[in-house]
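Me: I'd like to go through this model with you and ask where its labels come from. Could you set each value beside its cut-off for me?

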Amino acid sequence: MYLSFKLSVRFTKRVYLLTLKRYFCGNLKETMETNKTFTMIKPDAVANGHIGAILDHIIKGGFKITAMKYLWLTPEKAGQFYAVHSARPFYNDLVTFMSSGPIVAAILEKDNAVEDFRKLIGATDPAKAEPGTIRNLFAKSIDANAVHGSDSDENAQIEGNFYFSAFEKF
Ligand code: CMP
């Protein structure tokens with residue numbers, strides 16, 4: 001009798017804990033995507049005619065394009081996008097450069113998207129980028145470095161939402 005009471009308490013406790021886990025972990029998964037990243041093909045690469053070649057690299061790298069647009073940022077919009085760097089000495093040059101010509105903005109999907117995309121594009125400074133990476137192939141300097149890639153899942157979500165509404169993401 002006592003044993004069956006103890007087993008029943010243990011069972012109830014287990015069901016309760018599993019329900020809590022499913023509730024909280026389920027919600028976490030819904031709010032933070034880990035298979036998306038955000039990119040921009042920057043004004044230098046667009047002006048040099050590299051949009052097609054860069055998209056080809058991205059697709060051959062296993063990424064699916066789930067949103068994409070071609071646009072020209074105002075200095076105000078470029079400043080907002082890079083606000084996180086506003087205290088850095090390169091901020092004003094970065095804003096001027098990013099509003100100097102059209103860009104392509106896109107959301108990309110793949111398992112482990114943020115990390116894999118940063119590998120595909122190479123180091124921020126193209127002089128240090130591995131051979132075969134997008135920046136090694138198409139970029140000329142740390143300012144004109146051909147592409148942007150998000151540095152975390154959280155920033156990928158923020159940056160994607162900066163450019164795309166719910167109706168523009170597939
Ligand atoms: P991006 O990945 O778009 O993020 C911020 C950008 O600032 C970076 O690429 C570079 O193009 C630019 N930048 C210019 N100077 C520097 C620097 N010294 N360190 C990091 N980023 C820099």
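Me: How do the residues of the shell around the ligand divide into nonpolar, polar and charged?

Reply: The shell holds three nonpolar, four polar and one charged. Here Ala, Val, Leu, Ile, Met, Phe, Trp, Tyr, Cys and Pro count as nonpolar, Asp, Glu, Lys and Arg as charged, and the others, Gly among them, as polar. Bear in mind that this is a predicted model: local features need pLDDT of at least 70, side-chain atom pairs count only at pLDDT 80 or more, and totals for chains, interfaces and linings use all residues. Residue numbers start from 1 along each chain as its sequence is written.

Me: Which residues are around the ligand?

Reply: They are His-85, Phe-90, Leu-94, Thr-124, Ile-142, Asp-143, Asn-145 and His-148. A residue is near a molecule if its C-beta atom, placed from the backbone, lies within 6 Å of it.

Me: Why is Phe-117 called buried?

Reply: Phe-117 has 24 other C-beta atoms within 10 Å. A residue is buried if 20 or more other C-beta atoms lie within 10 Å of its own, exposed if 12 or fewer, and partly exposed in between, with C-beta atoms placed from the backbone. Therefore Phe-117 counts as buried. Its place is in helix H6 (residues 113-121); helices (H or I, at least four residues) and strands (E, at least two) are DSSP runs, numbered from the N terminus.

Me: What is Phe-117 in contact with, leaving aside its neighbours within four places in sequence?

Reply: The partners are Thr-37, Thr-39, Phe-63, Leu-108 and Gly-149. Contact requires C-beta atoms, placed from the backbone, to lie within 7 Å.

Me: And why does Ala-47 count as exposed?

Reply: Ala-47, in helix H2 (residues 43-47), has 12 C-beta neighbours inside 10 Å, so it counts as exposed.

Me: What makes strand E1 largely enclosed?

Reply: Six of the six residues of E1 are buried, so the rest of the structure largely encloses it. Both faces are covered: Lys-36, Phe-38 and Met-40 lie on one side, with Thr-37, Thr-39 and Ile-41 on the other.

Me: How do you know that E1 pairs with E3 and E4?

Reply: Two strands pair if DSSP finds at least two bridges between them. E1 and E3 have six bridges, while three join E1 (residues 36-41) to E4. Both pairings are antiparallel. Phe-38 stands opposite Ile-107 in E3, and Thr-39 faces Gly-149 in E4.

Me: In what order do the four strands form their open sheet?

Reply: The order is E2-E3-E1-E4, with antiparallel pairing. Strand E2 (64-71) and strand E4 (147-149) are at the edges with a single partner strand each, so one side of each has no neighbour in the sheet.

Me: Which residues touch the most other members of the largest nonpolar core?

Reply: Ile-54, Leu-108, Phe-117, Ile-134 and Val-147 do, out of 29 residues. A nonpolar core is a set of buried Ala, Val, Leu, Ile, Met, Phe, Trp, Tyr and Cys residues joined through C-beta atoms within 7 Å. Elements giving two or more residues to this core include E1, helix H3 (51-60), E3 and H6.

Note on methods:
Two residues are in contact if their C-beta atoms, placed from the backbone, lie within 7 Å.
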